[in-house]
Amino acid sequence: MNEPLREASAADAPPDAILDADVQALAGSRPEVLRFLEDYGIRLGPQAGVSLRRRLAELPEELFEDIGIDRRRLEANLGFFLAARVSDARGAADGARAQVRSITVVGGRDKSGNAEDVRLELPVGSVTGIVGPTGSGKSRLLADIEWMAQGDTPTGRVVLVNGEPPDLRSRFSPGRKLVAQLSQNMNFVMDASAGEFVRMHAESRRSAATSRDTAGGASERLVADVIAKANLLAGEAFAADAPLTSLSGGQSRALMIADTAFLSASPIVLIDEIENAGIDRKQALDLLVRREKIVLMATHDPILALMADQRLVICGGGIQAVLRTSEAEKKALVELERIDRQLQSLRERLRRGESIGDAPSQASRA
Amino acid sequence: MKLVTFSGPPSSGKTSVLAKLIQELARTGESAGVIKFDCLYANEAALFERMGVPVRVGLAGGLCPDHFFVSNIQEGVDWGLGLRLGYLFTESAGLCNRCSPHVRDVAAVCVIDNLMGMDTPRKIGPMLRMADIVIITKYDIVSQAEREVFAFRVAEANPKARLLLVNGISGQGVFELARLVGDAPETATVEESRLRFSMPAALCSYCLGETKIGGEYQVGNLKKIGFS
């Protein structure tokens, strides 16, 4: 099913149009080519009338020894890189997001070998809860989706995209991963400001797509949008120049959600245990739904579970039931949200140093 | 026997991933052995022994670990063949980022972790750039954006490689990794095989034990920054 592993060969070299162009022209028309070489430590100054092929051929052998790659392999890598960009960009042009309209999970078998009698279709804009004890098989379900299982995983499940078997070559393409993840355990490890962080993500997405489809200005607007949305979710405001390390738990989670909603190419967002994250959960889900994500949510929180359109009950490695959120449950949700608001206001008042008496309105500091 | 070279910066999770991978292979009835190459200290043998996995450790001491690896690999292959192993994994830490442990026609894996900093994929040489499979570990504790940018930069450094996220603690991803190494070519010998790229060179007075600093003590293969 997978292509055999093989080393790069001359056949993988970039197209002649690139190799025969001069560096000055490439700097204007295909800046990604020069950036790619710079990442390998090769800086080619502009020199009109000399082809890239010749410039590379003129580089001294010691340089290649130092950077640890030979000319043939470097050219092949450049060829691969450009080809992968084309296929990713094609995906983006068809609208990577619009392109995935639904994911279908066709049941396989549970850990005891019993048939899993499920055909689960998850359209964009849907929110699905996943409930079940630890070790019940939630992670395997997500891994099956991520791997685009075709009956070749322990569960025997088959995953379809838009009702059809997906192109398995994109299993290893970082730009075409199906699942983006958000969990309580995730942290920022970069030393950067919130704005720089979003810009870096936007730029890597931009360079993954074609060179001229996103102007610099558009990306600045995007950064501002993401920060503004994150602020809406977090409740407590932070600025674009705030260091990531200074953000509170709630602000961090809000930034991650807004960033994923706007900038991740993955059509599916998996949210894992974010009940105590200190963010507006309803608004967060609304944002993801409006951005046409397929939302999957592993949770033990009754409010989050009932906010979903449906929930999967996972047990013994299999999907045991798919429950639609009933009218009675939606009513219960209204009541739960009322209790939750009450709890939150109590928490807020205690935090402000107030005492809690019988009548909240009369509570005041002595 | 399928020979697979596992390499990666220190503490990137090579041993954890390998242990989980070997368990997964054992589940499907495949036998595996490990040769662990390190410099001063390696306690991984105990882990593999507890698992019942044949393991040998080689410590390079004062030698370049890469050169130590290549001068021992054929004997290692013979050892694995003697045990009739289905898989033989060599595990070596890339210590200078210019390491080049991969051999032509032998499956090559590089393990790097998502906590190393966003520029790391650009800083690692042949170990990453010449690998067939690149495994990213510790991805589950960083944000989605950092995960995506890091993966994108790995793909820039080695567009040809299969990129796989593997959790060395939970084992998430090893099933898929086992499928990939299953495609590795068979190795009967590495005699006359070639490295995918030359190893870092070192042949100067300091290689031979010189400890004094100064122009007149520097003899051999030298290189100057050129400050003037």
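Visitor: What percentage of the 228 residues in chain B is buried?
Guide: The model is a predicted one. Among the 228 residues of chain B, the buried share is 51%.

Visitor: Which radius of gyration does chain B have, and why does the value agree with a compact globule?
Guide: Along its principal axes, the C-alpha trace of chain B spans about 60 × 45 × 30 Å. For 228 residues, a compact globule would have a radius of gyration near 17 Å.

Visitor: Of the contacts in chain B with a separation of 6 or more, what percentage joins residues 24 or more positions apart?
Guide: The secondary structure of chain B consists of eight helices and seven strands. Among its contacts with a separation of 6 or more, the share from residues 24 or more positions apart is 71%.

Visitor: How is helix 1 of chain B oriented to helix 8 of chain B, roughly parallel or roughly perpendicular?
Guide: Helix 1 (residues 14-27) and helix 8 (residues 174-181) of chain B pack with their axes 9 Å apart, at an angle of about 75°. Angles of 65 to 115 degrees count as roughly perpendicular. Helix 1 of chain B is therefore, relative to helix 8 of chain B, roughly perpendicular.

Visitor: How many charged residues are in the contact of helix 1 with helix 8 of chain B?
Guide: Helix 1 of chain B contributes B:Lys20, B:Leu21, B:Glu24 and B:Leu25, which meet B:Val174, B:Phe175, B:Leu177 and B:Ala178 of helix 8 of chain B. By class, this contact has six nonpolar residues and no polar ones, and the charged residues number two.

Visitor: Which element supplies the largest share of the side of chain B that touches chain A?
Guide: The contact takes 42 residues from chain A and 39 from chain B. On the side of chain B, helix 6 (126-129), helix 7 (144-157), strand 7 (162-165) and helix 8 each supply at least two residues. The largest share, ten residues, comes from helix 7 of chain B.

Visitor: Which are the edge strands of the open sheet in chain A?
Guide: Six strands of chain A form this open sheet, with mixed pairing and the order 5-6-7-3-8-9. Each edge strand pairs on one side only; they are strand 5 (179-183) and strand 9 (318-324) of chain A.

Visitor: Which residue of strand 7 of chain A is the bridge partner of A:Asp272?
Guide: Strand 6 (residues 268-272) and strand 7 (residues 294-298) of chain A pair in the parallel sense over five bridges. In strand 7 of chain A, the partner of A:Asp272 is A:Ala298.

Note on methods. Residues numbered from 1 in each chain as written. Chains lettered and ligands numbered in written order. Predicted model: local features only at pLDDT ≥ 70, side-chain atom pairs only at ≥ 80, totals over all residues. Axes fitted to C-alpha atoms, helices over the stretch in contact; angles between N-to-C directions. Helix = DSSP H or I, 4+ residues; strand = E, 2+ residues; numbered from the N terminus. Parallel < 35°, antiparallel > 145°, perpendicular 65-115°, else oblique. Contact = placed C-beta atoms within 7 Å. Nonpolar A, V, L, I, M, F, W, Y, C, P; charged D, E, K, R; others polar. Pairing = 2+ DSSP bridges. Rg over C-alpha atoms; globule rule 2.2 N^0.38 Å. Buried ≥ 20, exposed ≤ 12 C-beta atoms within 10 Å, placed from the backbone.
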